[in-house]
Amino acid sequence: MLIFLRSSLLKSFSTKIISSFIIFIFFTGINLQAQDDGKKLFQICSACHSIGKGKLIGPDLKGVTERLDRDWLASFINNSQAVVQSGDEYAVKVFQEYNSIPMPPNNYSDEQMNILLDYIENFDKAPKPVETVAVAEAPEVEGEYVFMEETAYPFANLRISFIISAIIIALSLIDLFITKIVKTRFIHILIILISGAIITEVIVTEAISSGRATYYEPDQPIQFSHKIHAGDNLIDCNYCHFTVDESKYAGIPPVQLCMNCHNLIKEGPYTGKEEIAKIYASLETGMPIQWVKVYYLPDHVYFSHAQHVAVGKLECEECHGDLTSVDRVQQIGDLSMGWCIECHRIKAVQFIDNDFYSRYTKLHEELRSGDINQVTVSNIGGDDCQKCHY
Ligand code: HEC
Ligand code: HEC
Ligand code: HEC
Ligand code: HEC
Ligand code: HEC
Ligand code: HEC
């Protein structure tokens with residue numbers, strides 16, 4: 001997603017990047033394999049550190065190899081607490097500066113440590129031609145898509161219609177059999193039929209939407225807060241929901257993943273030790289945490305996260321709202337068929353330079369000749385019944 005955001009900026013540089021990349025390979029003889037391994041090694045660090053994008057749970061690591069001695073770094077990265085406890089002045093200072101959150105120990109060999117530190121050192125200098133060139137340019141979307149309008153049924157109005165209709169039927173029955181003010185029976189029957197139809201409509205509408213639960217916000221077994229994790233501590237959504245780019249499911253992280261950090265973070269700012277202790281309890285008993293699912297589609301509907309996030313380049317926020325500012329997850333949107341289709345009608349797909357869509361030659365021609373200025377999901381068949389229904 002970040003790559004996508006930067007893509008238009010980088011696009012203009014891409015030619016320069018490619019040529020400098022070629023020069024780079026020839027003259028520095030950089031070992032791309034090492035670059036790859038470095039990236040892998042850095043993956044577990046990336047939950048808490050960025051390189052050049054500001055501090056997360058730990059400090060920004062940009063330029064750290066220039067700031068600090070490599071031997072010191074090696075011992076700190078493998079066992080930061082030992083360095084802190086040895087009384088190292090600098091280590092004690094950063095430890096305190098970062099709310100005394102200890103960094104997890106590692107077990108890297110000298111060779112791995114060098115690859116990792118080289119990766120951090122060369123992060124900005126190393127060009128990433130494959131990514132910048134392969135990413136499709138975003139077509140200009142007029143009036144960038146804003147958050148989905150709430151499409152829930154106006155229940156309040158429905159209830160009022162229901163009550164008024166019921167009263168009218170009652171009055172009409174009373175007049176028909178008791179007061180007899182209106183002489184023509186036909187009028188009573190007409191009134192009763194019309195009110196009856198309204199009541200039936202209300203009941204049917206309510207019944208259909210009863211399975212939908214906009215604003216559904218269940219209690220969870222652990223008071224897990226997205227604000228603390230994804231907001232305050234800037235942990236990437238994909239770090240925990242790690243299947244979201246390649247699978248139908250975003251997935252809820254297993255308790256072992258919580259332990260990457262909570263083996264050391266034993267206390268939270270609001271709930272102290274109480275809630276975090278439930279993580280350890282789950283690990284000890286082997287009973288997985290029974291999270292209550294918030295977003296839920298019926299079995300006859302097919303929905304894939306990878307299609308929307310990896311191919312469609314949608315932000316999580318467009319469907320789930322801004323979770324970085326809330327403690328509890330609440331369902332946004334009613335997940336009705338109308339909710340899906342409304343977006344497919346207005347949302348433009350990343351069409352140009354995207355191999356995924358090269359077979360739509362007619363649409364490409366229309367786009368080039370200016371007959372259409374964008375291709376929506378509906379244009380490529382996003383409204384076909386069988387795309388969403390098994
Ligand atoms: C759970 C979060 C977390 C993870 C994972 C983590 N760190 Fe840290 N790191 C921290 C925190 C917090 C600090 C601040 C110092 C402290 O707490 O001891 C820190 C400090 C550092 C420092 C000192 C930086 C400075 O400017 O003083 C370096 C270097 C570092 N980490 C490297 C790494 C590397 C490399 C990895 C991956 C192998 C890693 N960290 C994984 C949380 C983490
Ligand atoms: C990448 C690191 C990381 C991971 C992974 C992580 N947490 Fe946390 N968690 C934190 C940090 C940082 C805090 C805040 C600590 C502080 O501010 O003192 C925290 C705080 C908490 C708190 C206490 C909040 C409060 O209100 O006091 C709970 C409960 C919690 N996490 C549960 C979880 C659960 C459950 C998981 C796994 C699904 C998880 N965490 C995974 C870093 C992490
Ligand atoms: C530290 C791990 C962690 C991070 C980071 C994280 N989540 Fe979650 N997420 C969870 C856990 C655990 C649950 C289950 C508990 C709950 O619903 O609050 C969850 C639940 C959800 C749900 C509801 C799933 C359902 O239907 O039950 C959505 C949607 C979601 N996360 C989206 C996001 C988005 C978007 C981000 C980034 C802004 C994000 N998450 C970041 C751990 C995480
Ligand atoms: C916020 C906008 C948005 C919402 C809401 C949305 N979609 Fe989509 N959908 C997209 C975009 C954009 C694409 C195109 C992705 C791509 O480039 O292939 C897409 C593509 C699809 C495709 C593949 C279509 C094809 O022709 O290959 C399916 C199937 C689909 N969506 C199902 C659903 C279902 C089911 C829902 C509701 C539960 C839904 N979508 C809700 C934006 C949305
Ligand atoms: C086009 C709309 C859309 C986008 C974009 C989207 N989601 Fe979802 N998400 C859904 C729907 C619909 C469900 C319910 C799926 C079901 O029940 O089968 C869901 C369910 C979830 C769940 C519950 C577990 C699961 O896999 O069903 C999590 C967690 C989640 N989403 C996280 C994310 C994260 C993180 C992102 C961004 C990287 C994201 N979602 C982007 C629509 C979306
Ligand atoms: C973009 C995805 C999408 C497309 C295309 C789509 N549907 Fe649906 N459909 C859904 C979703 C999501 C639901 C679940 C609605 C709910 O639970 O309220 C649904 C529910 C239904 C239902 C059950 C009744 C209901 O409202 O719950 C029927 C019947 C149905 N669809 C028929 C169709 C037919 C016929 C077509 C083709 C004209 C079609 N659908 C195309 C997403 C789609």
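Author: A helix here is a DSSP run (H or I) of at least four residues, and helices are numbered from the N terminus. The structure discussed below is a predicted model.

Reader: Which helices each supply at least two residues of the shell around ligand 3?

Author: The shell around ligand 3 holds 21 residues, and those that come nearest are Cys237, Cys240, Val294, Tyr295 and Cys316. By class, this shell is made of 14 nonpolar, 6 polar and 1 charged residues. The helices that each give at least two residues to it are H11 and H12 (237-240).

Reader: Which residues does Cys237 touch, not counting residues up to four places away in sequence?

Author: Cys237 is among the residues that come nearest to ligand 3, and it also belongs to the largest nonpolar core, which has 11 residues, including Cys45, Ile235, Leu323 and Val329. In soluble globular proteins, nonpolar side chains tend to be buried together. A contact requires C-beta atoms within 7 Å, and, with residues up to four places away in sequence set aside, Cys237 touches Ala230 and Cys316.

Reader: Which helix gives the largest share of the shell around ligand 2?

Author: Around ligand 2 there are 26 residues, of which Cys258, Cys261, Gly268, Tyr270 and Glu275 come nearest. Two or more residues of this shell come from each of the helices H11 (226-232), H13 (255-262) and H14 (274-285). The shell divides into 16 nonpolar, 9 polar and 1 charged residues. The largest share, 5 residues, is given by H13.

Reader: How far apart are the end C-alpha atoms of H14?

Author: H14 is one of the helices that give two or more residues to the shell around ligand 2, and it is followed by Gly286, whose phi is positive, near 75°. The expected span of a helix is 1.5 Å times one less than its number of residues, so the 12 residues of H14 should span 16 Å. This agrees with the model, in which the end C-alpha atoms of H14 are apart by 17 Å.

How values were computed. Residues are numbered from 1 along each chain as its sequence is written. Chains are lettered from A and ligands numbered from 1 in the order in which they are written. This is a predicted model: local features need pLDDT of at least 70, side-chain atom pairs count only at pLDDT 80 or more; totals for chains, interfaces and linings use all residues. A nonpolar core is a set of buried Ala, Val, Leu, Ile, Met, Phe, Trp, Tyr and Cys residues joined through C-beta atoms within 7 Å. A residue is buried if 20 or more other C-beta atoms lie within 10 Å of its own, exposed if 12 or fewer, and partly exposed in between; C-beta atoms are placed from the backbone. Two residues are in contact if their C-beta atoms, placed from the backbone, lie within 7 Å. A residue is near a molecule or strand if its C-beta atom, placed from the backbone, lies within 6 Å of it. Ala, Val, Leu, Ile, Met, Phe, Trp, Tyr, Cys and Pro count as nonpolar, Asp, Glu, Lys and Arg as charged, and the others, Gly among them, as polar.
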